[in-house]
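Q: I have the model open and want to go through it piece by piece. Can you take my questions as they come?

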Amino acid sequence: MKEADEKVTKSLPGEGEGPGNAEITRSAKNPKNSKNKETAKNSMSQKNQKIQKNQKTVRNPNTAQNTQAAKAPKNPNLIQKAKDPRAVDTSEASGITKVPEMSEIISRMSPTGPHLYYPDGDASLFWRNVRSGGEYAADLAEIKAEGERLQGQTPPGLTFSLFSQFAQTGSRLEYERVYFERRRRLNTIALLSLLEPECEEYYTELLEAIWAICSEVTWCLPAHVSPERPLGETIDLFAAETGFTLTELRLLLGDRLPELLKTHIAEIVHVRLFEPFLKKGPYEWEEAEHNWSAVCAGSIGSAALLLLDKDQDRELLGEILEKTQHSMTCYLKGFGEDGACLEGLGYWNYGFGYFVYYADLLYKRSGGELDWFAQEKVKAIAGFQQKCFLGGSTVVNFSDTLPYASVHIGLSRYISSIYDSLPSPASRLRADYREDHCSRWAPALRNLLWRAMAGNAPDWEPGEFLLEDAGWLISRIVSPEGVFGFAAKGGHNDEPHNHNDLGQFMLAGDGEFFLSDLGCGEYTKDYFGSARYTYDCNGSQGHSVPIINGCLQAEGSDRRASVLEQASGASESRMTVELSRAYDSQELQSFTRSWLWRKEELPRLELRDKFSFSKMPDTLVERFVTLIQPEVPLEQGRLLLVRGNLTLELVYDDRQLRAEVTERTYRDHFGKDQVWYALDFHVLQPQEQLELCFLFRFIQ
């Protein structure tokens, strides 16, 4: 018997991978809005519109043009395809993103200026409020601390020997440390100059920092260049980001920048981004269904929206926007209707963040005529972040993602201001200004600019999330004993930033992991090459999945899990997957893995693996991954993973299995060696038909 409130879904391989919902008008999206399109359009032009208490603004409250909040309709029949020819058309049949009347929309676009960023366009008032506002105190302390650290330092140089090191050794860290330190200097001095415009020292250092970035031979990383394309025609993530950063600084600093420098920024962005994008492509990332399309095209499109606002620029802007709109369509194709980011939460912040930065500027300059946020799939993607947190800063970190995360508070509150159903995160989850080792300007700026778009909130509530397209189950529960999290996955082994990890799962309690995913390792040439799966964090040997007859899981899109059940009720959640296609073992006929997550005050997880072989296997080893050195009690059939006052007890049948603990190391994303433990359970007497059961229960 299933509980009354239980949800049950089944998915088959390949389902849920269509083009997504067609374009939606705002009036159709909100069933409470009975006004026609013309009325809605007129309401957008009313300045300083008063919003009723508890009603959120759809688009930036810091702009003069507001509309009602986009709300998901309770009746799906109320969602209609947009008939307005100016709406963004992302239908699959169109082949390329076609925006009818793009030239007309561009002819009506508002000019660029501070109004794109500040309430009523008043920059000085905004920065005065930041200096005096208590909620910004931690940010200011972090920015000033960085300014003090950088004071008196000579900016490090990007030498030829550093650039060549990747080609010679495959190591990325040496060049990238210097590259990102130069961005950190630019960002920090720029923010201090905006905060304290009267400080001549900051102003002088800022001009030098901008000039230094403009003088770099290339803005690309060595790992992203190839002899197949001239260096001057190469556009990677960081080249696009750098161009966006410079154009944004050009606008925000305005007349404070010397005319020579303003002209130089415009010229170099044309040469390094606009001209290659239009004349030297296509680039592989233009139709990528992952973060590259959003970051590269989004940065180029944003730079164009900021630089090209003269009558003579209309044709060029139109050409760029046609291409960037197409790339954004491709980016969204990488998501199912469940909104899950298969690259992981870190790349959601990155890719979806740059999608939002671009979509925001596009919306504002087009007066709301081009609105990506009206799409239901975009709303689903926007809600992914809050599903990933398992308590404290622990997050679901399948793929190349760190196990502990904070939030980009600006991006998060912007999203919450658009969609009422997506609550703002608690301020304690705010990312420290110094946390981003890549030192990206766009999120750093918006963590200040967009802070006030939604209020502080308590911790996210408990949640059960069945992500059907991804094949994930995520559970976050709160009890008198604490906050506990469980996540498991199916999917396939050709996902973006793929790990061979079908059947992987993790357990967290009170903000710490007990069963872990190693997440992302150090990025090197081999890491993204043929040796990728020799790294423990990428290959199945570093995941909580079995080794069958000596075989690890294989990579490839045909190595796919079949989700047989995903179910969630008030007291328990269940998921069952068939995983035999993940292995190259000829004798393996079927392998089903079932999880039963019992949501008690101290929760427990029951794992059941069923194997069927054509003939008896030589070996079968169950493996679980943890960063905690296990304790072995005197009682047989138990292992203990202890963190503080909380313990995870692992119970197994010692008559059937022999336990072995192996200490191993892997190199983490920051190039440091980290210890992990492989908990191996060797089947003593393999059989053609075999069932293995494990119990994981939290105890005090």
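Q: Which residues does arginine 131 touch, leaving out residues up to four places away in sequence?
A: Arginine 131 touches Leu140, Leu195 and Pro197. Contact here means heavy atoms within 4.5 Å.

Q: Before we go on, what kind of model is this, and what are the ground rules?
A: This is a predicted model, in which local features need pLDDT of at least 70 and side-chain atom pairs count only at pLDDT 80 or more, while totals for chains, interfaces and linings use all residues. Residues are numbered from 1 along each chain as its sequence is written, and side-chain values use heavy atoms, with hydrogens and water left out.

Q: Back to arginine 131. Which helix is it found in?
A: Arginine 131 is in helix α4. Helices are DSSP runs of H or I with at least four residues, strands are runs of E with at least two, and both are numbered from the N terminus.

Q: Is arginine 131 buried or partly exposed?
A: Arginine 131 counts as partly exposed, at 39% relative accessibility. Buried means under 20% relative accessible area, exposed means over 50%, and partly exposed is in between, using a 1.4 Å probe and protein chains only.

Q: How many residues apart in sequence are arginine 131 and glutamate 196?
A: They are 65 residues apart in sequence, and their C-alpha atoms are 8.9 Å apart in space.

Q: Moving to α5. Which of its residues are buried?
A: The buried residues in α5 are Asp139, Leu140, Glu142, Ile143, Glu146, Gly147 and Leu150. Viewed down the axis of α5, they fall within an arc of 165°, so they line one face of the helix. The arc is that of the directions from the helix axis to the C-beta atoms.

Q: What do those buried residues of α5 pack against?
A: They pack against α4 (123-132), α7 (173-195) and α17 (441-449).

Q: And what does α5 span?
A: Helix α5 covers residues 137-150, 14 residues in total, and reaches 20 Å from its first C-alpha to its last, close to the 20 Å expected at 1.5 Å a residue. The expected span is 1.5 Å times one less than the number of residues.

Q: Which glycine follows α5?
A: Glycine 152 follows α5, and its phi is positive, near 80°.

Q: What is phi at aspartate 510?
A: Phi of aspartate 510 is near 50°, again positive in a residue other than glycine. Aspartate 510 lies in the loop between β8 and β9 (512-515) and is partly exposed, with a relative accessible area of 47%. Most residues other than glycine have a negative phi, and most peptide bonds are trans.

Q: On peptide bonds, which residues does the cis one at proline 282 join?
A: A cis peptide bond joins glycine 281 and proline 282, with omega about 0°. Proline 282 is in the loop between α10 (259-279) and α11 (291-307).

Q: Aromatics next. How many aromatic pairs are there?
A: The count comes to 44 aromatic pairs. Rings of Phe, Tyr and Trp (its six-membered ring) pair if their centres lie within 6.5 Å; planes under 30 degrees apart count as stacked, over 60 as edge-to-face and the rest as tilted.

Q: How do phenylalanine 244 and tyrosine 354 pair?
A: Their ring centres are 6.4 Å apart and their planes are at 70°, so the pair is edge-to-face. Phenylalanine 244 is in helix α9 (residues 237-253) and tyrosine 354 in helix α13 (residues 345-365), so the pair ties together parts that are 110 residues apart in sequence. Both residues are buried.

Q: Which residues form the cluster around them?
A: Ring pairs link Phe244, Tyr347, Tyr350, Tyr354, Tyr357, Phe373, Tyr414 and Trp450 into a cluster.

Q: Last topic, the open sheet. What is its strand order?
A: The order is β10-β16-β20-β19, with antiparallel pairing. The edge strands are β10 (547-548) and β19 (657-667), each pairing on one side only. Two strands pair if DSSP finds at least two bridges between them.
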